[in-house]
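This report walks through a single protein chain for a reader who is new to structures. Please keep the sequence and the 3D view open while reading.

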Amino acid sequence: MAAGKEIRGKIKSVENTKKITKAMEMVAASKMRKAQDRMRAARPYSEKILNIASNLAKAHPDYVHAFMQPNTANASGFIVVTTDKGLCGGMNTNVLRAVTSKFRELQAAGVGVNAVAIGNKGLGFLNRVGAKVVSHAVQLGDKPDLDKLIGPVKVLLDAFESGKINAVYLCYTKFINTMKQEAVVQQLLPLSAADMHAEAAASGTQREWDYLYEPDPKTVIDELLTRYVEALVYQAVAENMASEQSARMVAMKAATDNAGSVIADLKLVYNKTRQAAITKELSEIVAGAAAV
């Protein structure tokens with residue numbers, strides 16, 4: 001019964017795989033709650049500082065920071081946030097597809113691309129497509145560390161400030177809920193008040209914003225825009241990590257369920273093969289007895 005032995009081997013192999021995927025599902029579910037708590041804790045601060053920075057773009061201070069001034073450079077910068085590990089469904093594929101679409105749009109307009117990769121998957125993708133990777137950060141672990149993020153990102157910020165690139169885009173996967181994550185390509189620099197205008201128009205509260213600065217506009221604006229960039233990059237990484245654990249949990253649950261289906265099918269085939277072998281042996285015995 002060589003065929004039966006081979007099927008038993010396949011069943012054992014799939015059962016071992018099922019144990020692994022089930023364990024990974026449980027680990028991802030445990031990590032997902034912590035990642036979601038970190039993301040939700042940081043979200044109000046990042047949303048508020050984004051709102052203030054957008055309002056600042058509409059205000060008219062005596063001092064205008066370089067981050068608030070568009071330029072005519074012939075290149076753009078991208079901060080591409082992905083995961084270090086795989087087995088999380090189509091999450092990385094979706095955000096990298098959105099990045100590729102934006103790349104093509106800019107390249108069709110004759111604009112070059114510089115990129116910062118946060119995560120191994122994004123770094124590998126950017127190297128494969130031949131994008132210019134100016135810096136990267138990988139192996140961030142399960143908790144985002146701002147100190148590891150600011151260094152690589154500062155390369156693009158300095159390039160924008162010196163007029164070498166005309167915009168900086170932040171690309172990541174936004175957490176919607178456990179079953180849904182959305183790929184986002186968001187303009188980080190230069191500051192734009194477009195979102196603020198749209199929100200004000202929708203609510204019917206169109207306003208002109210301005211501020212009093214203490215001790216002086218330069219000190220306040222420089223510090224605010226530094227916090228602005230740090231907050232948005234950190235929030236993007238936190239959202240991406242929460243999305244990663246959710247997507248991995250769902251993917252591993254689907255893999256576990258599929259393994260169960262494969263095992264059931266293999267057992268059915270094994271039982272049919274075994275029954276056919278028994279029937280054949282019985283027929284041979286009966287035929288032999290009849291011949292005697």
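Predicted model: local features only at pLDDT ≥ 70, side-chain atom pairs only at ≥ 80, totals over all residues.

## Charges and surface

The protein exposes about 15900 Å², of which carbon and sulfur atoms supply 55%.

## Overall form

How does the radius of gyration of the protein stand beside that of a compact globule of 292 residues? The protein has 28 Å, whereas a compact globule with that number of residues would have a value near 19 Å. The C-alpha atoms, taken along the principal axes, fill a box of roughly 115 × 35 × 35 Å.

The secondary structure consists of six helices and five strands, and reading along the sequence gives the pattern α-β-α-β-α-β-α-β-β-α-α. Among the contacts in the protein with a separation of 6 or more, 78% are between residues 24 or more positions apart.

## An aromatic cluster

The structure holds three aromatic pairs. In one of them, the rings of phenylalanine 78 and phenylalanine 103 have centres 4.8 Å apart and planes at 85°, so this pair is edge-to-face, a label given to planes over 60 degrees apart. Because phenylalanine 78 lies in strand E1 and phenylalanine 103 in helix H2, the pair ties together parts that are 25 residues apart in sequence. Phenylalanine 78 has a relative accessible area of 0% and is therefore buried, and phenylalanine 103, at 6% relative accessibility, counts as buried too.

Phenylalanine 78 also forms an aromatic pair with tyrosine 169, with 5.1 Å from centre to centre and 25° between the planes, and this pair is stacked. It links distant parts of the chain, since phenylalanine 78 is in strand E1 and tyrosine 169 is in strand E4 (residues 168-177), 91 residues apart. Both phenylalanine 78 and tyrosine 169 are buried. Taken together, Phe78, Phe103 and Tyr169 form one aromatic cluster.

## Backbone details in the loops

Leucine 87, in the loop between strand E1 (75-81) and helix H2 (91-108), has a phi near 60°, which is a positive value in a residue other than glycine. With 53% relative accessibility, leucine 87 counts as exposed, because the word is used for values over 50%.

Glutamine 139 is found in the loop between strand E3 (132-137) and helix H4 (146-161), and its phi, near 55°, is again a positive value in a residue other than glycine. Glutamine 139 is exposed, with a relative accessible area of 52%. Another kind of feature is found at the peptide bond from leucine 189 to proline 190, which is cis, with omega near -5°; proline 190 belongs to the loop between strand E5 (180-189) and helix H5 (194-203).

Is aspartate 216 in a helix or in a loop? Aspartate 216 lies in the loop between H5 and helix H6, which covers residues 217-291. At 30% relative accessibility, aspartate 216 counts as partly exposed, because this value falls between the limits of 20% and 50%. The C-alpha atom of aspartate 216 is separated by 39 Å from that of valine 99, and these two residues are 117 residues apart along the chain.

Alanine 231 is found within helix H6 and is buried, with a relative accessible area of 8%. Which residues are in contact with alanine 231, leaving aside its neighbours within four places in sequence? They are Tyr45, Ser46 and Ile49. Alanine 231 and lysine 48 are 183 residues apart in sequence, yet their C-alpha atoms are 9.9 Å apart in space.

Note on methods. Residues numbered from 1 in each chain as written. Heavy atoms only, no water. Helix = DSSP H or I, 4+ residues; strand = E, 2+ residues; numbered from the N terminus. Rg over C-alpha atoms; globule rule 2.2 N^0.38 Å. Contact = heavy atoms within 4.5 Å. Areas by Shrake-Rupley, 256 points an atom, 1.4 Å probe, with all protein chains shown as cover. Buried < 20%, exposed > 50% of the residue type's maximum accessible area, 1.4 Å probe, protein only. Phe/Tyr/Trp six-rings, centres within 6.5 Å; stacked < 30°, edge-to-face > 60°.
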